[in-house]
Every structure is written in structure tokens, then in C-alpha cells.
Amino acid sequence: MKKHLSVKILSVMTAVFMTVMSPLEAVFFVPAGSEFVYAAEGRTDSYTTIEIRTADDLLELERSCHDEAWSADKYVVLKNNISLAGSEFTSIPIFSGYFNGNGFTISGYTYGGTGYVSGFFRYVGSTATIDRLNISGDISCAEEGYVSGLLAGINEGRITDCSVSGVMSGNTATGGIAGINGNTGLITGCRNNAVISGFYYTGGVAGRNYGVIKRSVNAGTVNATPEWVSANDERQVDIISEITGDVSLISYQSGVDTGGIAGFSRGLIVSSRNESTVGYERVGYNVGGICGRHSGVIYDCSNYGRVYGKKDIGGITGQQEPYIEIDRSKSVSDAIAEINAMARRTAQDASGMTPDIQAALSDLQTVSGKAMDDAEGMTGDYSRYRIEERDWAGMIEREAENAGRAAAESVRNTYEEHIGDLDSYTGDDIDDLISDVEDGLSGDGKDGTDEAAEHAREQLDNEKNEAAAELNGTVNGAVSDWNSGIDTLSANTGLLTGDLNEIRKAADSLIAVSNAYSTKLTADLTAINDRINATYDLIDDLITGVEEEGVDYLFSDISEMDLPDDLYGRTISCRNFGTVSGDLNTGGVAGCLSVDTENIESNVLRKFDLKTGEGYAISSVIYDCENSGIVIVRTECGGGITGEAEHGCIRNCRGYGAVTSEEGDHIGGIAGSSEGSIVSSYVLCTISGRQYVGGVAGYATAIKNCVSMPVFGNVSGVCGGVAGQILRDADTESIDRSDYTSNYFVADDFYGIDDISYSGIAQEIGYDDVLMLEDIPSEFSDLKVTFVSDGTILKVCHMNYGDSLDSVSLPAVRDREGSYGVWPDLTGMTVRGNLVIEAGYVSHVAVIRSAEETDPDGKPLALIQGEFRSSDQLSVRTPEMTFEAPDNSAYTDLLIYEVCFSGNDSGEASGTGCDLRLYAPFKECRVWKRVNDIWTEIPCSTEGSYVQIRADSASAVYAVTETPDETMKSVLYAVLAVTVLVFLIIFIRQVRKVWRKQPQKP
């Protein structure tokens, strides 16, 4: 079955040779017409050896490497670790020899320039080898910096077993190992540990890859920091879009093409893996764990890191673009060329015949030759633009980038000129100028300010228009030779029809004079006539097809066919284990199979897609890939393998991880939405979405030989065990059964397609029957229950079909700020497939009251303040217990509480460190805590009817005593003192009286 494709075709390229040796040993790819000539250690006998021991030695090497040829015969050996801190070393301009790092590290490398290409090596030549070198540094390139890599700016040679660490911040084509890995470049056995950030084409290993990246690892984050998001936000209003007013020109919008290994790849990425976070939540387009966007081959790669973004987000690749070639069955020029060839063969068959036949043959060759010329004129200059011979995407890409840079430079220069004029202004002058402009723009200007503002506005508009014209003129001029369009085909129909009529007339004349001579000649002419009729039909089909179906008619999807191994546009034998989260088009392997209409290259190629008289065959394949990670999509199109497939074939793939969406449509275990074909694939996962939800696909135009055993979560709309919705005839609603064959499902909640089962198309079978199917993966007999919180897998349990979840111990969930994690109630649930159980989050409870209250006013005996769960409890008991104060005081007014807090074991949820309030109907209180049968006073404060203390344990016994009134005590003391004083005075008086009454001595 062939599927017609939308005009959105970006990747046009020549076929390349790929040899797959074994699943563990990667391919080694040699692009056609290229030669890999690397300096090898075994070939360095005739080289000049240079030993590097100090920073000064590196500085001397830098000075010598401005000539490409100088280093071609140099064998440079690093003898020890070197620090470049404080050195004047900038970078090695170009290196073409052998650099042996010996496993040593060059640290302290810094660069903050604005050069077009930057890196420790700016250029690594095609004959160079950089081996076992470690670079630690900090590169921060200004906006003018285009290509940036910590180790190499542009690599066209061989980089082996090297690593980088530190920080790499660039603009366009930014990578840890290389900014660009050219079509002769090989990066193998390398590792990135650096934090990488860039705005276009950003990768942990390479920003752009046109060659081979093999057995390499990314362990550093890529565009994953808040600082990058802040800088990215400042660039969202792109200067090109602002100038032209065309919001579709966002190939220059930042945050595009971000990958753990490469941002963009037209080459091969083999046996590599990503271990770190790629992208930032809800920011960026074309983000993948291995590659942001690719039109080459990704083979035997794995992603273990989290992948975040906004649109086209995948565990392996954000966007996969197709291989494309001319469809010979839809080529007018090929058809007419065949007529011309047949005319030549007829002339050979008529050789030696009579002059009248020779004259008729000459006329036939003349008119067929003219038809050939006219056909070639319609389809362009084949000597320059034959698809098989030129890298169309590269040509257009370069022209578009040059145009964009030229337009941006024009505006930048204009702005700089005006900024320069301000140098002579004082601060007050500038304030006045700004005020005048603001008044003018707001309509409140006075004394000619309106006129000045209007003039300034007109001048700015003129500058924008000039820059826009420069951009559009450059781009359109560059592709004018490639763009003839279907209108040109229609316009030239009369010309070709006339040519074909002349051929027919010449053939009829030849038949008239040759019937008596040769039946062979008659057969030749009859064949020409048949081919003329077929060509008429072809032209009519092309015109009618495009008029009725649009440009889709020009494209035929051949992905499902048995194709040769030398085609690009493939992802093979890759695995994703990480969480993938995006807003739109999010998949465990690929975010989407399509081309990016949101960049300038695609807009230019759309014109090329309308090439006169040509149809195109495209192929895009995801084969033998597997997703075990969690896929989260917010709005639309989420799948275990791909979010959306506008074309292509997904074959022999497996969706084992969860695909979840709270509000999203088109959610499936393999594809959210597929206009290609899904063949021989298996689903064993948890799926949730709003509507158009299916075990294999939310929507699909072809599903064959697939087995689905989904567990559906919250689904509110159209859903099916195989598909939520499929392609039906627009008039009759009938199904083309050839597109949906031999699909089976096991599901308790929904039937096959839109909750209806169809025999032979979407047929329900039992679990035991599934295990008996041929080639069923072993995972179907080893079911897993996975507990997940915030995209992190906390626990995996291996269980059997039908096992109860009642006895499964739930893992602890780390609290978020202001909320805590809770698991859903699993009571009564059984295992019906691979289950992913996600923790939900609930806001903390700030205060917990005891159930025990005072009588009769109903106040709780105790309250505790903190961050608690709704299940946490506070209980209070008033035990019969004696209180003996350490100071031996007798407290008659007291309350004794036994307080117990029950919650989880961590932090404030255990009650420790929280404010505990105990009911205390006293004016002044003291609080005592019983520890080892001894009452110890603790600090407290009075809060209304309660006394507040700091709890330091989940349970304790407290005594609250009333503090005696010190005022009354003072009064009593005063009364006692006065009483004593009065008594003393009376006593003294009495003593004096007695003393006076005694007789006096003479």
C-alpha cells in the first residue's frame, strides 16, 4: 500500500552505503565520493614528534598551526596534565596531524570570543586524529559566534576516546566534543560531562553531525538550566521574524534541535547513549535524548535521561525526517525519455530499409528529440540539479542561513549606527530624546515632536522593508531555478501534448510506409503508440491528482516495502528508559515522523516539492525499537514509540512504558496518530488520555499483525483496545480491511476499534492465548508493576497475570514544597498487564486538631501546626497521674496531658519540630514534660486559651500548672512584714514598761 504525503518535505539527499555488522558492533560509514585519510599512530614513523609539557608549549603550537599543511606530518604528544589558567592560549586554529593526549587533561581552558568557529581546536582537518585527550574548560560565545565546541569547532577528521567537562555556551551548532562533525568526521568512544547550552542545533557530543558518531556518551545536561531558559526567552522575538513580520520563519527561533548526542544529524549515530537531562520543561522544539532532529540513521542507541520540551519531543529523536527520491512511475521526463529511446531502437530495427522509411524514421527521431528537450526544460537543468547528484538540503540550508545572516547583519549595522550617534549625547540629552520619542509614539507630542516621531517610524519601517526584501530576494533567488510548480506543469501540458501528437503523426506516417516491409517495425511503432497513450494518462493523472488531492498526490510512501539497506531516514534497534515530557507530539522513541515546517529550510523546499512533472517516493522507518520509559503529553499526540507519524512505517517495535495525558487527545501505546503504517508491534503498557485513545494507536491509517495488552487509565472519549479511531471511507464509513489485518488485543475496559471488535482486524483473545502466539515477546509472561513519582521510577515489582495488588508494599514518596505524595487506593486491583502506578500530590494540612475536646465549650485539647497529611492524627488523653515539681512546690491547679501524634516517619510529619498547643484555662502557666519519671520544665508561651511549646517527639506526657499570682504574694508578704513590725513595736513597748517599773539603784 502506498500513502500520499503532505508537501512538508525537508530532507532531500543522496543515497549512502551502510553496512550493519552486528548489534554490538557499529557500522562504519564512508560517504559516497569522500575519503577518510586519518593520521594513525602506526603511520607516524616519518612524522615529526612534538612533546607538549607546559602551557607555553601549547602557545607555541597555536602560533604554528595557522597553516593547514604545517601540522599534516606532526605527531604531538601530551606528556602530563596542563593548566591554562592565566595563559594567553586561545585555540589551535587548524590541526591536520596526530595529537596523542595520552589520557592527560588540559584544564582551565577559557574562551569568550565572537569568532565564527571556536573551540580548543577550531578546525580538525580531514587527515587529523585527536586521541585520548581530556579538556576541562569554560567557553561562552557571543551572539556572533556560530560554531562552538569545547574540543573542536569543526571536525572533519577522527576524534577518539576523548572527553570534555566544564561549561559550553554557544549560539548555533554547539556541542561538547564538536560544534559540527563534518561528512568525513568520525567521533568514537568520546564522552561529554560538560553543561551544554545553545540556541540552535545543540548536542552533548556535536551540534550538527554529517559524519559518524560511534560509541559515545553524554553525561552533561543540554539546554536544561533555568539560566538557559532565561536567555532563550530574550531571543523568542527573532530579529528575522520581526523584520519580515513572518512568524513562520522560525528556523532562527531559539531552542530548536536539541539532543543528548547531536542537535541535528544527517549522518550516522551508532551505539551511543545519553545519561543526563536534555531540554527544559515546556520550552524548545525538536528535542531528543539522542538527537533533536535527524534525516540519517540512528542505530543501537539508548537514552536513560529525562527529555523535556514543548513540541516534537522523543526519547531517541525529536523529529525524524524521510529519505526521498524521484518516483519513476510519476516522472513525465522519464516517460518521454522512454519514448525517445524507443524511437532510437525503431531506427535501428529499420536500418537498411527504403529511403521513404528512412525519411519517416528521421522525422520520428526529430519530434521525439524535441519532446525530450521540452520535458527536460520543464524539469530544470538536470546537469546542475539532478537529485541523485546534489545535496539539495545542504544547498538550500546554506542559502537560507546566508540570507538570514545578511538580513540580520543589515539591521544590526543600522542599529549600531544609531547607537553610535548617541555617544556624543549627555544623559539629559538622551532622556529628552527618549521622552520626545515616547510622546510622539503615544500621540501626545508637541512642537514638531509628532513629525519627528513619524519620520523615525518611517525610517525604521524602510529599514525593515529593505532587510526583508534582502532576505526574501536572496532566498527566492536561490531557489528560483528549482521552483517550477504544478502550475508550470499545467501550462506546459499543451506543449507536451503537441509534442506527443507530432510523435504520433510521425509514427503513423512510418507505419503507413512500412506495413509491407516489417512486422517487427510495426510492433515497435505500436509500442511507441502505447507509450504515448500512457504518457498522456500520466500527465492527466498528475494534473488531476494534484487538483483533487493537493500536492499530497505527488508523494508516495514506500516505507512499508522491503527496502535496501542504503537508505537514510531510519531509527533502528534503539531503547528509551527515560521519562519524556512535552506539550505536543511526544513519543518514547520519536516525537514525530515528519518534516519541520517551522523553519526556513522547509519553506524553501516546499517550492522544490512542486517540481514540474515529478512525483516522489519517500521512506521513514522506525525498526526494532523499544520504550520502557514514561511518556507524558499535555495537549495532543502521545505514543509509546512516536507521538505523530505523518508518514513512514513503525515495524517490530515494543511499547512497554506508560503513556499518560490528563487532557490530551490521540494517545496510543505505539503512536498517538499515524498516517503511515504500524506493523508487527507489541503493546504492554498503561495508557491514559481524554479521547482517541488506543492500545496501538489513538488514530491510524494502517495497523497489521500487532498485539496489544493495554491497561487504560482515565479515558473519557473514543477508545479501543487496538485503536481509538481508524481511516474510513468518507462516504460509506467502510474499512479497507487490507490495511488492518491480524491484530489482537487483551483488554478488560474497551473493545478493538472505537470500542467495537472486528474478526481478523481487531480481535479480542485471552491472556493464555496471547502467550501461545508466534514470536510473542517474553515480557508478556513477566508483567511489571512500576511505581512512579514525578517521572521517577521508585519501585518495580515483577508479578503474574491476575495477582492482587492488595499486599504490595508502597514506596515512600518525597514531598514537594507545599504538598505531599499519595498513592491511589489499590484495594481490589489485579494485574492485567504492565501497570504504572503514579503518585498524586495533595496540599499539606497546616493544623491538626485533637478529636478530644473541652467540656462544655468544645475547644480541642491540643492542636499542632506544621505541614501534615490528611491521614495524620493527634490524640490526647488525660491520665490519672501525680505531679511532683522539682522545686517541691505544691501546685493545686494543673492539667496533665498524654499527647500522641501518628503520621509518617519523616520531618514535620512525625510531629517533631512543630508548634504544639495545649488547652490551659489559667492566666499564667508553666509546662513540665515527664522524662524517665522526672518532671522537667520546658519553655512555653501563652496563646489565648492555650499554652504553646515546641514538640520534640511524637508522643509525650505534659503537665500544665498555674503560676501563683505574685501580686497577692507580695501583699501577703507586706501584711506579714507589717504584722511582724507591729508585734515588734508592741513587744518593745512592753519591755520598756516593765523596765521602768523596776526600782532604781541608789
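Q: Which residues of helix 1 are called buried, and what makes them so?
A: In this predicted model, the buried residues of helix 1 (residues 55-64) are A55, L58, L59, L61 and E62. Buried means under 20% relative accessible area, so each of these five falls below that cut-off.

Q: How do you know that they lie on the same side of helix 1?
A: They cover an arc of only 160° around the axis, which puts them on the same side. In general, an α-helix has 3.6 residues a turn, so residues three or four places apart point the same way.

Q: What makes D56 and R63 exposed, and where do they sit?
A: Exposed means over 50% relative accessible area, so D56 and R63 are above that value. They are carried by the face of helix 1 turned away from its buried side.

Q: What do the buried residues of helix 1 pack against?
A: They pack against strands 2, 3, 4, 5, 6 and 7. Among these are strand 2 (48-52) and strand 7 (105-111). Contact means heavy atoms within 4.5 Å, so the buried residues have atoms within that distance of these strands.

Q: Why are strand 66 and strand 68 called edge strands?
A: The open sheet has three strands in the order 66-65-68, with mixed pairing. Strand 66 (792-799) and strand 68 (835-838) are its edge strands: each pairs on one side only.

Q: How do you know that strand 65 and strand 68 pair?
A: Pairing needs at least two bridges, and four bridges join strand 65 (residues 783-789) to strand 68, so the two strands pair. They run parallel. F787 has I837 in strand 68 as its bridge partner.

Notes: Residues are numbered from 1 along each chain as its sequence is written. This is a predicted model: local features need pLDDT of at least 70, side-chain atom pairs count only at pLDDT 80 or more; totals for chains, interfaces and linings use all residues. Side-chain values use heavy atoms; hydrogens and water are left out. Buried means under 20% relative accessible area, exposed over 50%, partly exposed in between (1.4 Å probe, protein chains only). The arc is that of the directions from the helix axis to the C-beta atoms.
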